[in-house]
Amino acid sequence: MIKVTLGLVMGQRGITSKELAKRIGITPANLSILKTGKARGIRFATLEKICQVLDCRPGDILQYVKDE
Amino acid sequence: MREKLIKFVLGLAQVAIDLGIVATFFTAFATVIAGICCLVSPRTFLGGHLTINLVIQGLVAVIVAALAFAGLLATHRLLDNLNRGHYFIAANCQALQQLLWLEIAGLIISGITTIWLRLVQVKPFVSFIVMTEDNFSDGIGFIVFLLIIYLIFKRGIALQQDADNII
């Protein structure tokens, strides 16, 4: 399964959900869905903006975890 | 250019539907008024020949007009949404479903009325309450058409919801 570690990276960068949502141009509600891993998918455009704002790589916010 | 043309055609259709709404409302209103007049003073309006047939025909006429009125309102809502660029939304699916049921109800009511009037060998008081063979095949064709459009919209809404879940 794909684990979303966006919250962790946000904590490391010291950025709030509200600010990140505003800077990448999505609603705080959608960012919350993304953070909690409830989204069905993520657009490349959104991923690009997140990486740009948080200065990270896609692999830092998305991780593959083997199912038990 | 193409979008402008589509908007223009949809706008024209909406005007036609709005005129239909007004016309149907007045038809139903006139039928009710005529019915009341006949009930109050059958001697003046029907030469004293107020029969149960006429009363039932009047009721059927009002029901058919009310169904047509509701159908036109649903079409108006659908066209309004399409004109505003809201294609695959739940409201459109509901409007199509409503149209489908209204068309089925209209077909059943006018079918029963036609059979009944033939059985009692009475000429219809108003023509729109009875059904001809052409009306029947057109009605069935329209129901199938609406069903296909409804299924397309339903699938479209499911796809739209899927797309909306991708952030």
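This briefing covers salt bridges, helix packing, an annotated span and selected residues of a predicted model. Local features need pLDDT of at least 70 and side-chain atom pairs count only at pLDDT 80 or more, while totals for chains, interfaces and linings use all residues. Residues are numbered from 1 along each chain as its sequence is written, chains are lettered from A and ligands numbered from 1 in the order in which they are written, and side-chain values use heavy atoms, with hydrogens and water left out. Over all chains, the structure holds three salt bridges.

**Salt bridges**

- A salt bridge is counted when a side-chain nitrogen of Lys or Arg lies within 4 Å of a carboxyl oxygen of Asp or Glu.
- In general, side chains of opposite charge can pair when their charged atoms come close.
- A:Arg23 pairs with A:Glu19, and the closest N and O atoms of this salt bridge are 3.6 Å apart.
- Both A:Arg23 and A:Glu19 belong to helix H2 (residues 17-24) of chain A, where they sit four residues apart, about one turn of the helix. Helices (H or I, at least four residues) and strands (E, at least two) are DSSP runs, numbered from the N terminus.
- A:Glu19 has a relative accessible area of 38% and is partly exposed. On this scale buried means under 20% relative accessible area, exposed over 50%, and partly exposed in between (1.4 Å probe, protein chains only).
- A salt bridge also joins the side chains of B:Asp162 and A:Arg40, at 3.2 Å from N to O.
- This pair crosses between chains: B:Asp162 is in helix H5 (residues 133-164) of chain B, and A:Arg40 is in the loop between helix H3 (28-35) and helix H4 (44-54) of chain A.
- B:Asp162 is partly exposed at a relative accessible area of 33%, whereas A:Arg40 is exposed at 57%.
- Within chain B, B:Arg84 forms a salt bridge with B:Asp80, with the closest N and O atoms 3.1 Å apart.
- B:Arg84 is exposed, its relative accessible area being 53%, and B:Asp80 counts as partly exposed at 26% relative accessibility.

**Helix packing**

- Helix H1 (residues 2-40) and helix H3 (residues 52-83), both of chain B, pack at an angle of about 160° with their axes 9 Å apart. Axes are lines fitted to C-alpha atoms, for helices over the stretch in contact, and angles run from 0 to 180 degrees between N-to-C directions.
- H1(B) and H3(B) are therefore roughly antiparallel to each other. Angles under 35 degrees count as roughly parallel, over 145 as roughly antiparallel, 65 to 115 as roughly perpendicular and the rest as oblique.
- H1(B) and H3(B) cross in a left-handed sense. A crossing is left-handed if the near helix is turned anticlockwise from the far one by less than a right angle, and right-handed if clockwise.
- By class, 18 nonpolar, nine polar and three charged residues make up the contact of H1(B) with H3(B). Nonpolar covers Ala, Val, Leu, Ile, Met, Phe, Trp, Tyr, Cys and Pro, charged covers Asp, Glu, Lys and Arg, and the others, Gly among them, are polar.
- In chain A, the axes of H2(A) and H4(A) are 9 Å apart and the helices pack at an angle of about 120°.
- H2(A) and H4(A) are therefore oblique to each other, and their crossing is right-handed.

**Annotated span of chain A**

- An unreviewed UniProt entry carries the annotation "domain: HTH cro/C1-type" for residues 12-61 of chain A. UniProt positions are given in the numbering used here, feature names are shortened, and annotations may be inferred rather than shown by experiment.
- Residues 12-61 of chain A are 66% helix and 0% strand, with their end C-alpha atoms 12 Å apart.

**Residues with positive phi**

- A:Asp55 has a phi near 50°, a positive value in a residue other than glycine.
- A:Asp55 is placed in the loop between H4 and helix H5 (58-61) of chain A, and A:Asp55 is exposed with a relative accessible area of 65%.
- B:Gln121 is not a glycine but has a positive phi of about 55°.
- B:Gln121 is in the loop between helix H4 (90-119) and H5 of chain B, and B:Gln121 is exposed at a relative accessible area of 72%.

**C-alpha separations in chain B**

- B:Thr31 lies in helix H1 of chain B and is buried at 17% relative accessible area.
- B:Thr31 and B:Ala65 are 34 residues apart along the chain, with 8.9 Å between their C-alpha atoms.
- B:Val122 is in the loop between H4 and H5 of chain B and counts as partly exposed at 26% relative accessibility.
- B:Val122 and B:Tyr150 are 28 residues apart along the chain, with 38 Å between their C-alpha atoms.
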